[in-house]
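Hi,

Here is the structure I said I would pass on.

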Amino acid sequence: MAEHDSDREGREPDEQGVPFDEAAAWAAIVAGFGEEPKDPPGTKPFKPIEDLALLEAETNDQPEDETPKQEKPAGPLGGSVSFAPGVGPRDFKAAEPSEDDFDEDDEGHFVPPEPPALPAADTTAKFAWLGVIGGPILLLLAVVLGWEMTWWLATLSIGGFVGGFATLVVRMRTDEEDDDPGRGAVV
């Protein structure tokens with residue numbers, strides 16, 4: 001039993017014969033409310049915000065009376081460049097180029113050529129695209145407008161999509177040139 005109580009010797013005053021005065025403990029807590037507790041030995045206090053940019057010369061190993069005093073600089077270290085409104089680097093506008101800026105070697109401003117006209121589609125391709133696009137649109141309209149889904153409406157929309165897609169795939173151009181170097185290694 002002595003070994004069990006030996007670890008509690010310094011913690012509980014009742015076992016050492018000293019009564020605990022709860023009212024005095026609360027009075028000490030209330031009296032010290034709002035005051036900052038003292039720093040433990042060997043620590044240094046936080047720097048004020050004005051001195052955060054200064055280099056740190058003191059360490060925890062030096063006693064407070066041997067700490068060299070630093071002179072404060074005239075202004076804070078570091079900083080940033082500030083611009084007046086409308087004067088900053090993002091407000092810079094380059095001068096518009098003129099024809100005098102170009103040499104005789106320069107060609108001037110690039111103007112792309114007109115793209116070639118689209119090839120005329122044949123009637124089969126037009127009906128195939130009508131089936132591919134029109135089939136899902138017809139199904140969507142039937143659902144949104146609440147039409148009764150009859151067999152002919154489903155056949156027309158699903159069959160139009162499948163038939164148009166199959167027609168477009170079958171009619172795709174295939175360039176069957178044997179001398180095309182873009183198809184991999186030639187053996």
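Let me start with the aromatics: the count comes to 1 aromatic pair, where rings of Phe, Tyr and Trp (its six-membered ring) pair if their centres lie within 6.5 Å, and planes under 30 degrees apart count as stacked, over 60 as edge-to-face and the rest as tilted. The pair is Phe161 with Phe165, and it is stacked because the ring centres are 6.3 Å apart and the planes sit at 15°. Both residues belong to helix H4, 4 residues apart, about one turn of the helix. Phe161 has 36% relative accessibility, so it counts as partly exposed (buried is under 20% relative accessible area, exposed over 50%, partly exposed in between, with a 1.4 Å probe and protein chains only).

Before you go further, some housekeeping: this is a predicted model, so local features need pLDDT of at least 70 and side-chain atom pairs count only at pLDDT 80 or more, while totals for chains, interfaces and linings use all residues. Residues are numbered from 1 along each chain as its sequence is written, and side-chain values use heavy atoms, with hydrogens and water left out.

On the overall fold, the protein chain has 4 helices and 0 strands (DSSP runs numbered from the N terminus, helices being H or I with at least four residues and strands E with at least two). Buried residues make up 7% of its 187 residues.

Now the helix packing. H3 (residues 123-145) and H4 (residues 151-170) pack at about 145°, with axes 7 Å apart; axes are lines fitted to C-alpha atoms, for helices over the stretch in contact, and angles run from 0 to 180 degrees between N-to-C directions. Among the residues that meet are Trp129, Val132 and Leu139 in H3, and Leu156, Phe161 and Phe165 in H4 (contact means heavy atoms within 4.5 Å). The residues of this contact divide into 13 nonpolar, 7 polar and no charged; Ala, Val, Leu, Ile, Met, Phe, Trp, Tyr, Cys and Pro count as nonpolar, Asp, Glu, Lys and Arg as charged, and the others, Gly among them, as polar.

Last, there is 1 salt bridge (a side-chain nitrogen of Lys or Arg within 4 Å of a carboxyl oxygen of Asp or Glu). Asp122 forms it with Arg171, the closest N and O atoms being 2.3 Å apart. Asp122 is in the loop between H2 and H3, Arg171 in the segment after H4, 49 residues apart.

Cheers
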